[in-house]
Number of protein chains: 2
Amino acid sequence: MARKTKEEARETRSQVLDAAEQVFSQKGVTNTSLNEIAIAAGVTRGAIYWHFKNKYELIAALLERVKLPLDDMLAAQGADHADDPLGQIRAKSITVLQRCVSDTHLRAVCTILFHKCERIADAQPLMDRHLASRADCAQELEGNFSAAIAAGQLPADTDPKLATLGLFSYIDGLIYNWLLDPDQFHLAEAAPRLVETYLCGLSCAAGR
Amino acid sequence: MARKTKEEARETRSQVLDAAEQVFSQKGVTNTSLNEIAIAAGVTRGAIYWHFKNKYELIAALLERVKLPLDDMLAAQGADHADDPLGQIRAKSITVLQRCVSDTHLRAVCTILFHKCERIADAQPLMDRHLASRADCAQELEGNFSAAIAAGQLPADTDPKLATLGLFSYIDGLIYNWLLDPDQFHLAEAAPRLVETYLCGLSCAAGR
DNA sequence: TTTTACATACATCCGTGCATGTATGTAAAT
DNA sequence: ATTTACATACATGCACGGATGTATGTAAAA
């Protein structure tokens with residue numbers, strides 16, 4: 001086939017990523033062949049192998065594509081509540097939940113990660129990178145919790161590590177369950193109240 | 001091969017289930033062939049196809065094997081706190097979390113469901129049954145919440161559906177994250193405090 | 001002219017499902 | 001008590017499709 005211009009090549013790559021997002025999030029990663037993605041993208045496997053080393057590098061590119069915008073969003077929330085650590089926690093949590101509803105790409109990637117992929121040995125380097133970025137996020141949150149405790153926004157005997165883990169799990173679980181059936185409840189609308197419930201729980205039950 | 005006695009056949013079936021639990025929870029469902037399970041169980045694929053129709057019926061049997069004991073545990077917790085709906089909720093939640101740590105089979109099945117399988121079309125009937133039993137459990141919990149509200153154990157303006165969903169998500173997320181790395185925190189030990197945080201949050205933030 | 005951006009073709013491997021073989025358990029007939 | 005007639009509990013082998021990776025072709029961009 002004829003060579004394309006660099007701009008066209010970027011577009012081809014983007015089409016492959018879009019198609020992969022769709023097909024993976026519908027049929028599952030292991031259950032989807034690269035040929036199916038190629039067909040969905042209107043190309044052949046040759047194009048995919050040109051842009052990506054294999055299926056896992058393709059997924060890695062998918063994750064990378066949503067990571068940066070999300071990080072920016074969270075950083076912006078941090079800046080908006082510079083001297084209000086508890087407010088930062090609240091704002092970031094609500095933002096993530098609502099973004100999962102509104103951002104198609106993020107939702108597809110979350111669907112893949114939660115429901116359409118297996119954590120197998122082949123995908124280990126990919127998962128390691130993903131878990132590392134989660135750990136970064138958790139560490140920042142833990143810093144917010146520590147600051148909130150120091151500022152008297154939370155009881156002094158709150159365990160910041162456990163509070164972080166609980167919030168992370170809560171958010172994970174909410175997204176997990178919402179993606180199972182997006183019609184069972186209105187996540188974007190309920191997000192503020194749901195987050196508030198947990199944060200209030202920290203205030204009144206910290207030391208048990 | 002020679003025919004075995006009924007007792008021996010039951011044992012073979014059990015060995016296959018044990019092997020499947022191990023291999024699936026390590027290598028992932030889609031990524032594991034029935035031959036690998038056969039080898040791990042010390043039999044051949046013929047034995048597996050004799051006892052189970054295919055891979056998904058095998059998984060269904062895995063789920064069934066842990067479902068009944070778990071249901072019994074939860075029912076027992078319900079009976080122990082017959083006139084204390086909030087206590088029922090608390091006890092059931094803590095029980096599930098601690099059971100995931102102590103019960104090898106339950107932990108393996110949760111690992112498979114959360115991290116080692118894809119919700120694909122082929123597995124749809126299986127997932128439907130699993131989700132149906134989750135729904136049953138959720139409905140019972142919601143009944144407990146309604147009773148707790150009626151008994152004045154929770155604010156009158158609490159939304160029992162949302163409270164149930166939040167608790168379910170919280171528990172799912174905790175198990176999900178704990179299974180990602182069982183060493184990152186001591187789930188069995190932290191379970192009471194973690195659950196209490198959420199329940200306290202319901203008390204103080206119900207109406208926002 | 002060289003490199004790029006793919007399409008096409010090919011070789012290899014692997015998993016599934018089924019068909020078949022087979023030796024023993026088991027219950028009833030004798 | 002033996003024998004008979006199956007049913008059972010697997011093991012084995014084969015045919016088939018499908019997925020991957022790579023090698024090669026090719027026409028236009030640079």
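Two residues are taken to be in contact if their C-beta atoms, placed from the backbone, lie within 7 Å. The structure described here is a predicted model, in which local features need pLDDT of at least 70 and side-chain atom pairs count only at pLDDT 80 or more, while totals for chains, interfaces and linings use all residues. Residues are numbered from 1 along each chain as its sequence is written, and chains are lettered from A, with ligands numbered from 1, in the order in which they are written.

The secondary structure of chain A consists of nine helices and zero strands, where helices (H or I, at least four residues) and strands (E, at least two) are DSSP runs numbered from the N terminus. Along the sequence, the chain accordingly reads α-α-α-α-α-α-α-α-α. The C-alpha trace of chain A spans about 65 × 35 × 35 Å along its principal axes. Of the contacts in chain A with a separation of 6 or more, 65% are made by residues 24 or more positions apart. Buried residues account for 40% of the 208 residues in chain A; a residue is classed as buried if 20 or more other C-beta atoms lie within 10 Å of its own, as exposed if 12 or fewer do, and as partly exposed in between, with C-beta atoms placed from the backbone.

Two lysines of chain A illustrate these classes. K92(A), found in helix α5 (residues 85–102), is buried, with 25 other C-beta atoms within 10 Å. Leaving aside neighbours within four places in sequence, K92(A) is in contact with L74(A) and Q77(A). The C-alpha atoms of K92(A) and I175(A) are 14 Å apart in space, at a sequence separation of 83 residues. K27(A), in helix α1 (residues 6–27), is partly exposed, with 19 other C-beta atoms within 10 Å. Beyond neighbours within four places in sequence, K27(A) is in contact with T32(A) and with I120(B). K27(A) and I112(A) are 85 residues apart in sequence, and their C-alpha atoms are 9.4 Å apart in space.

In total, 35 residues of chain A are in contact with 35 residues of chain B. On the side of chain A that touches chain B, α8 (160–180) and α9 (187–205) each supply at least two residues. The residues of this side comprise 17 nonpolar, 10 polar and eight charged, with Ala, Val, Leu, Ile, Met, Phe, Trp, Tyr, Cys and Pro counted as nonpolar, Asp, Glu, Lys and Arg as charged, and the others, Gly among them, as polar.

In chain B, helix α6 (residues 104–115) has 12 residues and reaches 16 Å from its first C-alpha to its last, close to the 16 Å expected at 1.5 Å a residue, the expected span being 1.5 Å times one less than the number of residues. Nine of the 12 residues of α6(B) are buried, so this helix is largely enclosed by the rest of the structure. The buried residues, including L106(B), C110(B) and F114(B), pack against α1 (6–27), α4 (55–80), α5 (85–102) and α8 (160–180) of chain B.

Helix α8(B) has 21 residues and reaches 30 Å between its first and last C-alpha atoms, close to the 30 Å expected. As 17 of these 21 residues are buried, α8(B) is likewise largely enclosed by the rest of the structure. In the largest nonpolar core, of 102 residues, I175(A) and I175(B) touch the most other members; such a core is a set of buried Ala, Val, Leu, Ile, Met, Phe, Trp, Tyr and Cys residues joined through C-beta atoms within 7 Å. Apart from neighbours within four places in sequence, I175(B) is in contact with L97(B), C100(B), C110(B) and F114(B).
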